[in-house]
Amino acid sequence: MRVFRLAFGRLLASLPTLVLILVGMFLLLQLAPGDTVDALLAQMGGGDAQLAEDLRRFYGLDLGIAARLGQYLGRLVTLDLGFSAIYGKPVATVIVERLPATLLLMVSALSFAFFAGLLLGVVAARRVNRWPDTLISTLGLIFYATPSFWFGLMAIVVFSVYLQWLPAGGFSEVGMGYTGLTAVLDTARHLVLPTLTLGLIFLAIYLRIMRASMLEVLSLDFVRTARAKGLTETRVVARHVLRNAMLPMVTLIGLQAGTMLGGSVVVESVFALPGLGRLAYESVVQRDLNTLLGIVFVSAILVIVINFLVDLLYARLDPRIEA
Amino acid sequence: MKGLSVEGLTVRLPPGADRAFAVEEVSLSVAPGEILCVVGESGSGKSVTASAVMGLLAPGLSVTGGRMSLSGEDLRVKTPEEWRSLRGRRIAMVFQEPMTALNPLMTVGRQIGETWRTHLGLDAREASRRALDALREVNLPDPEGALRAFPHELSGGQRQRVMIAMALALNPEVLVCDEPTTALDVTTQAQVIALIKELQRRHGTAVLFITHDFGVVAEIADRVAVMQHGRVVEQGTASEVLTAPRHAYTQALLAAVPGRSAPPPRELSSDIVLEVSGLTKTYASRRLFRRRKPVRALDNVSLALRRGSTLAVVGESGSGKSTLARCVVRLLGTDGGEVRVAGAPLPKGRRAAAGLVQMVFQDPYASLNPRRTAGAQVAQGPIATGTPRREAMAEARRLFGLVGLDPESVLRFPHEFSGGQRQRIGIARALAMQPSVLVADEPVSALDVSVQAQVLALLRELQGQLGLSILFITHDLRVAAQLCDEVVVMRNGVVEEQGPIREVFEAPRHPYTRSLIEAIPGRRLMGVR
Amino acid sequence: MRALRAYLRSPAAILGSLVVLAVLGMALLAPVLYPNDPLGLAGRPLQWPGANPRFPLGTDPSGRDIAAQLFHGARISLLIGLVATGIATAVGIAIGALAGFYGGWADTVLMRATEAFQTLPNFLLLLVLVAVFGSTLTTVTVAVGVVSWPPVARLTRAEFLTLRTRDFVQAGRLQGLSDAHLILREVLPNALPPVIVYASVVMAVAILLESALAFLQLSDPNVPSWGNLIGLGRNVLRTEWYVSAIPGAAILLTILGVSLVGQGLNDALNPRLASGR
């Protein structure tokens, strides 16, 4: 119960943040040169001033900024994100179509980065300043320095073009009509490279944090107490060090949720995945500002939800957090 | 022989340390049913000795010579695995810091239970049942609750009882206690010492007790070993060492024990320089949806400091004494009451107040800016209030001389000074503002006894020279007795008793004051001479 | 001085410094070695590295010299990295210092704003900024700086929160020092080392952000950029993969160098953590 009270408190506290983001973004987008109607006209190959004016009235773009902001926020409460002129559908519909791919990518990349980072960090800390540590730390540095889009491209060259082990892009094999388990496996095969690509830098960050945190905790008094009890070194690490050392890493997941979502823009673009990130890129190129604002809203909510889950986890791990 | 025996133990420090050996040629032994106190100041090697006999030396340290044996078994030939099976079963340890010595994420019951689970392979239920018995044996209130509690839910004294229960779980032959009561309040300390003695008698354990405090030695020791710079300089029965110390270092340490040489009472001025009336301070932590129960740190506190005298404010942790100090110098705001200095309310402006009240802080390492020279930190106050830089630096040099430092060391950085020297810089910094009142917040409690005695002597000397009026905050009644003219005893934000220090000590009126005085370790010692 | 000696003792720091110096050398030598416009047509497109001695690193799909773009790209990466890092650390330190030193109301407001920036995925914000203000070199640099300050602010604030209650700061208050003096001379010098170390992370991230933007062809198209070249190489990835591989390796090495310098700084400035190296 304490856990939920805590996390809900934080969740409520993030509502003003959300409003701040929306208002800020809305105002920012007003500064953009050209609006949806310009983009639409350009797509249609031009049109006269009368048509532009009619379209502006149709999309409600002829009102003052304050009025439109009010309207927009009012509609948001009912989860109405407006209409995308480019896709010809409500923004909410466009986003919901694209959300699953991004969620799947994020969950798999996060799990990969978390567990691999945890494992490598622990191994490095237990062999500190010996070769396994040097190897892992060096790999961490290199992974950290690798631009994800470039890693993705090179992985395609190696694994798709030369070795032909894995597909180069997309979410599933088009036109094969897989169902059931085959479909799941097919999607999993498609997700291997994107997961590695997106997760790589976070793996590097987590392993570095985990290593440092393990070393820090290993030097604390209660570890000495555990050793003085005659526990085996494995038990000392498993029962006393690990959980304490995980705390900073868990905090980091919440802090970096936004960064990871941002990273998916590039990764989805490299692997032609039909996700939210690619949608963001397309909306920028096509000047579909309504959709862009909708993506900002959904991303912020996504980050807030991830932080809520992280808070739940943290409060479960650490009984000292004040109820 | 039974028990623990150490002969000619030598522990090497890693290259680059300030000396080659942490411990050199140390020989000690503890028989079953006996308590050996190892006494020394910081850096004497007493804690390293304790770690060595547990096989828990910090990385970089290594035993390079001598013998250690447990009931005749050679400990130096043990493999790590054999060490592991000894620890907790035949030799156990209680550490200094009860706040950090327990895993914050694991319940107390499980942490105690681990010992049996590891060494005897008991299941969780049986381990938990035994843990409950163990908690009962160390007289923990509500043992069932404590079993399920996390360490942060217990007080320092309770945690130390948990540590003791854990150490004695398998009835070890030898118990090593590394300053187990140093972090505790004086009344809690007395209880924990009594508990260790009682359990040790009951189980016939051999106890190696590390401490820096001769008062504690007088309470608990059968035999004493005094260590200095990694060597044992004197060893003998408690009464021999305490009443007829042979080695000069032991004699100096004993002479430095505070409270042994209380000065005679003196004529006090009737002029009140600092008057605190009805001071109230409440800590309420507000959060988004609820308020925690407000804590009343100061409740209608009134006191008066006479010009040229020293007033001690004595209390245990949580008594509000430090809050009082910070409210008096207005580092903390108050909720009610008034602070008057030299007859007028303390002005609100930072600069105007600077010439009236100054403070000396507890931690000599945190109270100086590590990135600026010592002299600059003394001179910056006068410079901020308009003294020309040259003049202020000259004054800083003079003050350095006054507090017993080399005037040329004004250009050095804080890390080049020892703890006692830093405390002198802190005093010089306060004096540079020529305050009417000096508030000293536990100024000697982070220092070794011998340094403590020097700083106390300096304060007394400066008081004579400059006519200082000092409000002296301390948890240590012995220190108060050594320096102060009058005393205020605080508990839970309330003044329980006040008066001339000798009267309060000899005839305490309030039962709390009495219990504090009775808990002073080594009262016998204070009365010896 | 002590810190400098400690820095020079660390092999990681020396290696990192060498790499960074090499990139700096590339940037400085670019106009000397390749005085012509690196984005101009130089020869037959898609010549493999080594195939033509005139183009040691080959040519791209538009027939431009890859080596020339690599050298000139170093200028852009370093410029954007340094300026954006400057902006991010200046803004971050200012906000973090004020929030941490004063606490209370100022802290709440400033940290809400910081939180808002962190809740918004930074690359998404970067896209929005570029969409709104266009993608010239200046706007991209400023935009990268603007999305990168929140972690610096958080770090600075955390340092200030612990330092402002430290006894030496309290002693300064009692001595009658002004807030400006306390912030600038007492707290900031002590808060700075971890922030300086973190600046290397900010710089690495800034270079990565710009190259990702350029990869998506959303950065300034009129300057040679490593990311841009990778993006161009994408269309010929299956056969002429070197077009993407070469500039990517340059980014990797640069960021590796910057990270190693950061690690060296960390070991030198926070000696406690420098364990046995």
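This is a predicted model: local features need pLDDT of at least 70, side-chain atom pairs count only at pLDDT 80 or more; totals for chains, interfaces and linings use all residues.

Reply: Residues are numbered from 1 along each chain as its sequence is written, chains are lettered from A and ligands numbered from 1 in the order in which they are written, and side-chain values use heavy atoms, with hydrogens and water left out.

Me: What makes S1(B) and S2(B) a pair?

Reply: Two strands pair if DSSP finds at least two bridges between them. Strand S1 (residues 4-12) of chain B and S2(B) are joined by six bridges in the antiparallel sense, and therefore they meet the criterion of at least two. Within this pairing, Leu9(B) has Val26(B) of S2(B) as its bridge partner. Strands here are DSSP runs of E with at least two residues, and helices are runs of H or I with at least four, numbered from the N terminus.

Me: Why are S2 and S5 of chain B called edge strands?

Reply: The open sheet has four strands in the order S2-S1-S4-S5 (chain B), with antiparallel pairing. Strand S2 (21-30) and strand S5 (73-74) of chain B each pair on one side only, and these are the edge strands.

Me: Which residues of H10(B) are buried, and why are they said to lie on the same side?

Reply: Buried means under 20% relative accessible area and exposed over 50%, with partly exposed in between (1.4 Å probe, protein chains only). In helix H10 (residues 248-256) of chain B, the buried residues are Tyr249(B), Thr250(B), Leu253(B), Leu254(B) and Ala256(B). They lie on the same side of H10(B) because they cover an arc of only 160 degrees around the axis, the arc being that of the directions from the helix axis to the C-beta atoms. Ala248(B) and Ala255(B), on the other side of H10(B), are exposed.

Me: How many helices and strands does chain C have?

Reply: Chain C has 10 helices and zero strands, and its pattern along the sequence reads α-α-α-α-α-α-α-α-α-α. Its C-alpha trace spans about 75 × 45 × 30 Å along the principal axes.

Me: What share of chain C counts as buried?

Reply: Of its 277 residues, 56% count as buried.
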